[in-house]
Amino acid sequence: MKPRALPDTNLPPYSGGRKEMIGAAVAGAAGLLLTLIGAAFSPQRALLAYLIAWVYWLGLAIGAITLVMGHHAAGARWNVSIRRFSETIGATIPLFAVLFIPLLLGARHVWFWVSPHEPVAKEMHELLQHKRPYLNLGFFTLRAVFYFALWTAFGWLLRAWSLRQDDTADPAFTVRARWWSPPGLLLFAITFTFGAFDWLMSLQPTWYSTIFGLYIYIGSFVSSVALLCLVITGVRSSGSPLGTVISVDQQHNAGKLLFAFTVFWAYMAFSQYMLIWAGNLPEELQWIVVRSRGVWRPVGILILVGHFVVPFFLLLSRDLKRSPPALGGIAAWMLVIHYIDLYWVVMPAVEGSSLGLHWTHLTAFVGVGGLAVAAALFLFRAARPVPVGDPFLQDSLRYVQP
Amino acid sequence: MRRFVLGQFTEAAACVEAVRKLREQGVPGLDAHSPRPMHGIDDALALPRSKVPIVALTGGVLGALGGYSLQWYLNSKAYPINVGSRPPHGFWTNIPITFESGVLIAVLSIFFGSIFVFFGLPRTYHPLFESERFRTACLDAYWISAETGDENAVPELEKKFREAGAHKVHTVVERI
């Protein structure tokens with residue numbers, strides 16, 4: 001067999017997508033403005049919608065950094081030519097720090113514990129007093145500042161090192177990224193767990209589940225891998241020069257990751273549910289009971305089937321993972337079902353009997369998402385689309401399925 | 001009596017290319033032997049998709065069903081015990097064992113299926129081992145073999161092997 005001719009990787013920065021970037025930014029600004037108007041009329045509904053959208057898009061960025069760090073930690077070579085996508089998405093973290101400010105300003109409408117305005121039962125009052133040293137707005141803000149400082153540092157530095165390597169081709173940057181990635185993974189797992197505790201679990205301040213943080217983290221990671229699959233399949237079928245540096249074998253690997261972490265998400269969700277079910281203790285049950293009754297029951301079943309059963313059996317197939325439209329379709333569905341999953345986590349905390357669907361859910365999603373997409377496109381257009389200086393770039397281009 | 005025409009190559013890429021050429025010429029019973037994985041050889045030999053995934057899926061599904069029914073039978077039919085008023089047939093608590101037994105049987109069926117069906121294990125001997133030179137297939141050389149039952153076809157095959165670029169060509173005759 002003759003060695004495969006390697007594609008040209010010396011591509012200039014992506015010049016298209018300017019219209020899309022401006023469109024996304026305008027849609028984002030309009031969405032946020034409409035959400036603000038919604039917040040003026042019903043602050044709680046609009047801010048909860050905003051919280052879901054913010055966690056959703058933040059999770060995509062966190063998941064992208066996790067993927068980059070995971071590959072550095074594992075010493076992976078196959079992914080080098082598609083790594084710039086994840087690095088770019090991960091570098092949008094500072095945007096989410098800014099977008100957290102509206103949540104802080106309206107905190108008392110979102111998190112019950114900020115100012116327990118309604119008359120509460122004695123036990124509830126005592127529990128909230130007991131949790132006061134942790135659940136108070138000052139420490140809450142301080143923690144968020146710490147998380148974002150850490151995430152920004154990792155997201156930004158991993159991209160910056162990779163960009164400097166483009167010019168210098170110095171392997172020292174790879175060594176540095178590989179040194180920092182394992183502690184980074186550990187720090188991300190801990191900080192995002194606490195982030196999920198602070199922002200989502202404390203919506204029902206008397207409930208606790210130690211695995212909850214990882215449940216949200218892995219859900220975000222799955223959707224981030226789904227986003228990567230969507231980007232890869234999109235670029236490959238678009239016929240652009242960038243598509244030639246992504247092989248079907250790399251797409252296959254991204255599909256395998258999507259499959260593996262879909263199973264891991266189910267493992268997390270199941271571990272949480274089964275232990276609560278078997279334990280049968282009132283203080284643990286409240287969260288599940290609300291979410292398995294009335295209108296929330298079909299939503300929960302939809303998540304079980306749509307987030308695990310169907311993608312699991314579809315992604316078992318090798319042919320589906322290697323077909324751009326099929327993998328792209330499954331990835332798009334995973335991005336939809338992750339929103340439904342977060343909706344199911346957040347909304348029953350305040351809505352017991354109805355879905356609580358409000359038009360701000362759409363505007364907040366478009367608002368945060370539009371700005372995030374615009375920021376990612378801006379960063380992507382600012383640098384080379386392929387890390388040309390990476391010492392393992394050639395290996396990734398030669399990669400074939402074992 | 002089967003005969004095996006053997007051709008030796010020093011380069012993996014040349015070996016893969018020769019296999020492709022020979023197969024396209026319609027040489028039957030081709031096989032390749034190498035001390036390390038050769039990329040593209042499946043394609044050159046036009047091997048069908050591996051059957052291992054089907055074995056694994058069948059084993060996994062049977063194992064999961066078996067694991068679940070075992071728990072269902074033991075916990076709710078044979079020895080129903082009331083533990084804190086929990087139902088004797090608890091779907092959710094049965095899942096971990098179902099998963100584990102599914103994985104276990106899938107892995108065992110891959111292992112034993114491969115060994116006894118695909119590798120043909122009880123047979124530890126192959127006529128190719130008669131050739132002393134063929135031992136380099138475990139060290140540093142790449143080999144192609146073509147199996148034939150027809151004694152008269154051997155010279156023609158040896159010629160085709162040489163034309164395909166094999167450095168050394170010889171033929172092994174099955175003794176037993």
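Me: Which residues of α2(A) meet which residues of α10(A)?

Reply: In this predicted model, A:G59, A:L60, A:I62, A:G63, A:A64, A:T66 and A:L67 in α2(A) meet A:S220, A:F221, A:S223, A:S224, A:V225, A:L227 and A:L228 in α10(A), where contact requires C-beta atoms, placed from the backbone, within 7 Å. By class, this contact has 8 nonpolar, 6 polar and no charged residues, with Gly counted as polar and Ala, Leu, Ile, Val and Phe among the nonpolar ones. Residues are numbered from 1 along each chain, and chains are lettered from A as written. Local features need pLDDT of at least 70, and side-chain atom pairs 80 or more, whereas totals for chains, interfaces and linings use all residues.

Me: Why is α2(A) called roughly perpendicular to α10(A)?

Reply: Helix α2 (residues 43-74) and helix α10 (residues 212-238) of chain A pack at about 80°, with their axes 8 Å apart. Since 65 to 115 degrees counts as roughly perpendicular, α2(A) is therefore roughly perpendicular to α10(A).

Me: What makes strand β1 of chain B largely enclosed?

Reply: A residue is buried if 20 or more other C-beta atoms lie within 10 Å of its own, and 6 of the 7 residues of β1 (residues 3-9) of chain B are buried, so the strand is largely enclosed by the rest of the structure.

Me: How do you know that β1(B) pairs with β3(B)?

Reply: Pairing needs at least two DSSP bridges, and 7 bridges join β1(B) to β3 (residues 142-148), the two running antiparallel. In β3(B), the bridge partner of B:G7 is B:I144, while in β4(B) B:G7 stands opposite B:V169.

Terms used: Axes fitted to C-alpha atoms, helices over the stretch in contact; angles between N-to-C directions. Helix = DSSP H or I, 4+ residues; strand = E, 2+ residues; numbered from the N terminus. Parallel < 35°, antiparallel > 145°, perpendicular 65-115°, else oblique. Contact = placed C-beta atoms within 7 Å. Buried ≥ 20, exposed ≤ 12 C-beta atoms within 10 Å, placed from the backbone.
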